[in-house]
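This briefing goes through one structure by topic. Please have the sequence and the coordinates open alongside it.

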There are 4 protein chains.
Amino acid sequence: MAQRGTLGVAVIGTGKMGADHVRRLDQVTNGARVAAVVDVDAERVKRIADGIEGCTAHTDAAAAMASDGVDAVLIASPGPAHEAALLTAFEHDLPVLCEKPLTPGSESALRVLEAEQKVGHRLVQVGFMRRYDTEYAKLKALLNTGQLGRPLMLHNRHRNVATPPGFTSEMLINDSVVHEMDITRWLLDQEITAVTVLKPTPSGNAPEGLQDPQFVVFETAGGAIVDVEINVNCGFGYQVQAEVVCERGTARIGDGHALVTNQAGRWGGTIAQDFVERFEDAYDRQVQAWVDATRRGEVTGPSAWDGYATAAVCEAGVRAQNEGGRIEVELVERPAFYS
Amino acid sequence: MAQRGTLGVAVIGTGKMGADHVRRLDQVTNGARVAAVVDVDAERVKRIADGIEGCTAHTDAAAAMASDGVDAVLIASPGPAHEAALLTAFEHDLPVLCEKPLTPGSESALRVLEAEQKVGHRLVQVGFMRRYDTEYAKLKALLNTGQLGRPLMLHNRHRNVATPPGFTSEMLINDSVVHEMDITRWLLDQEITAVTVLKPTPSGNAPEGLQDPQFVVFETAGGAIVDVEINVNCGFGYQVQAEVVCERGTARIGDGHALVTNQAGRWGGTIAQDFVERFEDAYDRQVQAWVDATRRGEVTGPSAWDGYATAAVCEAGVRAQNEGGRIEVELVERPAFYS
Amino acid sequence: MAQRGTLGVAVIGTGKMGADHVRRLDQVTNGARVAAVVDVDAERVKRIADGIEGCTAHTDAAAAMASDGVDAVLIASPGPAHEAALLTAFEHDLPVLCEKPLTPGSESALRVLEAEQKVGHRLVQVGFMRRYDTEYAKLKALLNTGQLGRPLMLHNRHRNVATPPGFTSEMLINDSVVHEMDITRWLLDQEITAVTVLKPTPSGNAPEGLQDPQFVVFETAGGAIVDVEINVNCGFGYQVQAEVVCERGTARIGDGHALVTNQAGRWGGTIAQDFVERFEDAYDRQVQAWVDATRRGEVTGPSAWDGYATAAVCEAGVRAQNEGGRIEVELVERPAFYS
Amino acid sequence: MAQRGTLGVAVIGTGKMGADHVRRLDQVTNGARVAAVVDVDAERVKRIADGIEGCTAHTDAAAAMASDGVDAVLIASPGPAHEAALLTAFEHDLPVLCEKPLTPGSESALRVLEAEQKVGHRLVQVGFMRRYDTEYAKLKALLNTGQLGRPLMLHNRHRNVATPPGFTSEMLINDSVVHEMDITRWLLDQEITAVTVLKPTPSGNAPEGLQDPQFVVFETAGGAIVDVEINVNCGFGYQVQAEVVCERGTARIGDGHALVTNQAGRWGGTIAQDFVERFEDAYDRQVQAWVDATRRGEVTGPSAWDGYATAAVCEAGVRAQNEGGRIEVELVERPAFYS
């Protein structure tokens, strides 16, 4: 039996991301245990469950959520499976940490919003883990002091070494720029109202058919202009940088100056090569924050509304990519439930 | 009598910029002397001439250019007077360093181009002095090695502490962003083909009626996307930064890290407060380079074509400001004379 | 009952450091629980134990170590109490994480070494938590690659905002420079063979009677020269920096460039104000590493030998402070047990 | 004939350094001309003089100084020839810019001091050109404001890629560390009172017989401690860094962050490869400042006393190298003439 107060978590999906969350809950997080794991691959899920005391294996998410010792759910299955898993969790009144996207598309996200409101209290945290990155958190805290004044512009750089096979221009918006959409909304505390996508001549590093890099511009409800360099075959490293330009100053993160060397005619340091190296701590903090809040009976972090709003911005972004020009973002009115 | 080979320069205009050039030629530059000064203010120009051995005072540019010992002309009068002064210099076949703008508008610039071509050899260098800044020069040299691959994007920041009274939104394009227009054309060695201007909610620091900051986007003939944050009432300092994003890496200048202090809970350094502090060396190098080339019988540096092309981009920029959306830049075909 | 495999830890001492370790084990660390707490203040220790499920309160360390559910010991009592607590832990064959110093003096440290060797296997990890700091770890990893060649010099900066009342020149060596002693031995993998202390005219910030700052020089068995600026009333922040100078390059940590701002004529960032802000993660990682190793049945991290060797260097350092000149460090031969 | 007020300079010595000064005076400096050149190599000196209008060639320094149009002398001959050249210049009452060292040794330097005092006014500026480096000048200006409080320590790094053949341990003090001796005296405005030299195991890059790197410690009259890493076969670049630690903060120069690149998994920039790249501007400014002052009838910059004092510190440094331990610096009392 688990220690009283230890949170029993059912992890839905044990692919790369899900398996990492299982490891994290089991070996890193304080106050939680993996009570159940779910995957369509019965053999795989049994192998994982066998390695963890008191953990049961399931091929059906609903069965896992109904099983003994499950106090909360972490959804890490593919996006199209999220809506069903969320609705089932709502039936069991279970708090959920749902990997991004909430659902793939604003229509299904709206259905989730309605269902959560019917439950009558918040249950969902969406996995926008950048909010838990130490540097972004410092930037947000600085903005909140007001000492720099109102934000006017936000410049973002988002660079990956290379894309995996099959990566499409749509994924560039939905999987990559989606992070800047969330960060923009969170840092500025404003909705995004329009998206424009500009396309330079593609890099010679970009695979055939992928328009890379792109330059994406957001406008926000408060009149800020936000630009994103999305550059996912830059070759040299994984880099995430942000500079907020405010009325009385600017603030920048992402330079990564921890270790500086002088060698062979050059000074400088290494650039992280992937998001695990850059954001591992943020993933750890995200899950710990979710476990801590859930044990206190609270729901904090990015809400289902954040999931819905970014889905709507993604849809505008993909249209801007395909049609050119400036595309306005359409959002339903924000329910008081999410204010 | 001047040392053989010493370049006798007539300086047209002795306002703030012209007076500084007189001081520079007299006290900083090697191999030149101020042979004549011109200003509509007869008393002022006499006072200046009296302080310099062998220097004559004039209220008429043509008379100055015709006077003994004048080998070259530096035009620092107000923009509307440039065309006449340039045409007079062409009549005397005198090499000219002409402060920006070449002329205020692409039509008059075209007339200058035609007149220079009639002379049959280049006489004009336009005062785009950023090309002589050590950091920009290093950036250009790095791009020229080809080791970073083809440029895809160029991010610029151009920040001033505050604008003087009477500064207008048009001046923001014509006097400030014009530097990034020249730098873009020079660094990328490509013409600018379209301009878009985005306007965030103005800063509380901006004077009534001035839309500041603005976010300007250029497209270039080679398919690069260039963005400029122009932010001329930022309050905290004068900052000029540029990052070129290429296929195999990026390169950035303008951080200004020369002196780093730890004090009172903060590490860091001071930010220059004006362009003199930031670009004084560039002005010195520009004039020295012009004097050296002229003494060798050569014309180097930004040409009248560069003056014309930026004038045309400025016109597109002002239209983009006023009309919104994307404005294409119209250029005449580049004469072989300027290739 | 605790989850199988969860490590039951007795925490000896619940002062500032001990209470923080109780919180860490209870709320941050994965796989451990606080099974017992010990303090001479019976009321205080009861209050702490009452807040943690399954935790017993003790005023006697031996009783705590003998109690049910105690699998390991964390010693955070004052230095003079360490030796007795360590010997008791050895009697119960319990793994120990012992806050620095191992014991206050090399003689008592030698007794601990002998006792641990009699047990026949390693039980002690000393709390030199800097080894768990991400930046130091990166520096060590880089040195281990060998790409920079052999270390020749190591420059250290150790700056505190201000000292608490009662801070003495001896504490400057024993409590502050002791960290650089351990880091030097660990980074270079060499013993320190001599210490010299140079004393500038004291800072006006230093309290009456405290010689601050000081400049300490170590020589090592491999012929490296190490300097330490110890500057504990610097006023501006808490800063720990290190640069290793090797045959083919140098590497530096401690610049702390995460968040860079431009404001009010200055660029830069904030400096941490205390060791908690700078090294909180290192403390977390240290305890997690100790818990993980202990659960695997291993003893890793700084050993009792490291505790002894730094105690001997501290003694030489205090003599160098008092007598001036260069003082050689006397070490017993390193037992094979600790190799 | 030269322009009235143009300074006619005789350059003594046309080796690498002298030839560079000839080029500088002829092509870079404002207000000076090369009136005479002197070298023992008659053919070489004639070739140089022939390239410059109004310049005469000499194999004898005294003849050059007596020749028409010579208003000032720049001594760039080997050190042992300096004393005679200086005394001759004094006979002609000619202002002198003398390359470092003033003379090779404090005894001969004392004779120069006496001779200059007999002239009755200052004539000598010694070529400690680092004082004219922009970064050092900013550091000095910051110290002069007093905002950081009194200097307590000064940390220096002095790194060269590699030494030329024949470079000895004595030259390491006399030719390299001599710069930090001057900078220390100038920045802190205090004499150096003692020198200690520590020798790590030599780098594998150091040529046979050269003890490199070394770690040199100065004590100053005001109780400051100064350390110098002198590392002249570091392999990676030419680096000169300095951090002054004061009562209320520290200030550092020499990071050289002008151009920052991201490429191939690394961020950072290039390191200068020699002193020309790093200090070319300082040489230019030094000569211009000397010419400007001389034309105004003033003598500014490092004095013969500075030349003497560094010679005495060099002698102590070489003794500390050879004998080990701490060697006190012996200085005559500073004549009021030099205060």
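The model is predicted. For the complex the predictor gives an ipTM of 0.91 and a pTM of 0.93. Chain A has a mean pLDDT of 95, and 99% of its residues reach 70 or more.

**Domains of chain A**

- Two domains make up the division of chain A: domain 1 covers 7-128 + 282-304, and domain 2 covers 131-275 + 309-338.
- Taken over C-alpha atoms, the centres of domain 1 and domain 2 of chain A are separated by 27 Å.
- Domain 1 of chain A puts 17 residues into the contact between them, and domain 2 of chain A puts in twelve residues.
- On the side of domain 1 of chain A that touches domain 2 of chain A, the elements giving two or more residues are helix H5 (106-119) and helix H8 (275-295) of chain A.
- H5(A) gives the most to that side of domain 1, with five residues.
- By class, this side of domain 1 of chain A holds nine nonpolar, six polar and two charged residues.

**Contact between chain A and chain C**

- In this contact, 29 residues of chain A meet 29 residues of chain C.
- Helix H6 (134-145), strand S12 (249-253) and strand S13 (259-263) of chain A are the elements that give two or more residues to the side of chain A that touches chain C.
- That side of chain A divides into ten nonpolar, eleven polar and eight charged residues.
- Of the interface residues of chain A, 97% are also interface residues in chain C, so the copies meet through the same surface.

**Contact between chain C and chain D**

- Chain C contributes 25 residues to its contact with chain D, and chain D contributes 25 residues.
- On the side of chain C that touches chain D, strand S7 (151-159), strand S9 (214-220) and strand S10 (225-231) of chain C each supply at least two residues.
- The largest share of that side of chain C, four residues, comes from S10(C).
- Its classes are eleven nonpolar, ten polar and four charged residues.
- The same surface serves both copies, as 100% of the contact residues of chain C recur in chain D.

**Helix H9 of chain A**

- Helix H9 (residues 304-323) of chain A has 20 residues, which at 1.5 Å a residue should span 28 Å; its end C-alpha atoms are 29 Å apart, which agrees.
- H9(A) is mostly covered, with 16 of its 20 residues buried.
- A:Gly324 follows H9(A) and has a positive phi, near 80°.

**A:Ala57**

- Strand S3 (residues 56-58) of chain A contains A:Ala57.
- A:Ala57 counts as buried because 20 other C-beta atoms lie within 10 Å, and the cut-off for buried is 20 or more.
- Leaving aside residues up to four places away in sequence, A:Ala57 touches A:Val37, A:Val45, A:Lys46 and A:Ala49.
- A:Lys46 is eleven residues from A:Ala57 along the chain, and their C-alpha atoms are separated by 5.3 Å.

**D:Gly301**

- The loop between helix H8 (275-295) and helix H9 (304-323) of chain D holds D:Gly301.
- D:Gly301 counts as buried, with 20 C-beta neighbours inside 10 Å.
- D:Gly301 touches D:Gln125, D:Ala289 and D:Trp290, again not counting residues up to four places away in sequence.
- The C-alpha atoms of D:Gly301 and D:Asp281 are separated by 16 Å, with the two residues 20 residues apart along the chain.

Terms used
Residues are numbered from 1 along each chain as its sequence is written. Chains are lettered from A and ligands numbered from 1 in the order in which they are written. This is a predicted model: local features need pLDDT of at least 70, side-chain atom pairs count only at pLDDT 80 or more; totals for chains, interfaces and linings use all residues. A residue is buried if 20 or more other C-beta atoms lie within 10 Å of its own, exposed if 12 or fewer, and partly exposed in between; C-beta atoms are placed from the backbone. Two residues are in contact if their C-beta atoms, placed from the backbone, lie within 7 Å. Ala, Val, Leu, Ile, Met, Phe, Trp, Tyr, Cys and Pro count as nonpolar, Asp, Glu, Lys and Arg as charged, and the others, Gly among them, as polar. Domain bounds come from an automatic or database domain assignment. pLDDT is the predictor's confidence in each residue, from 0 to 100. The expected span of a helix is 1.5 Å times one less than its number of residues.
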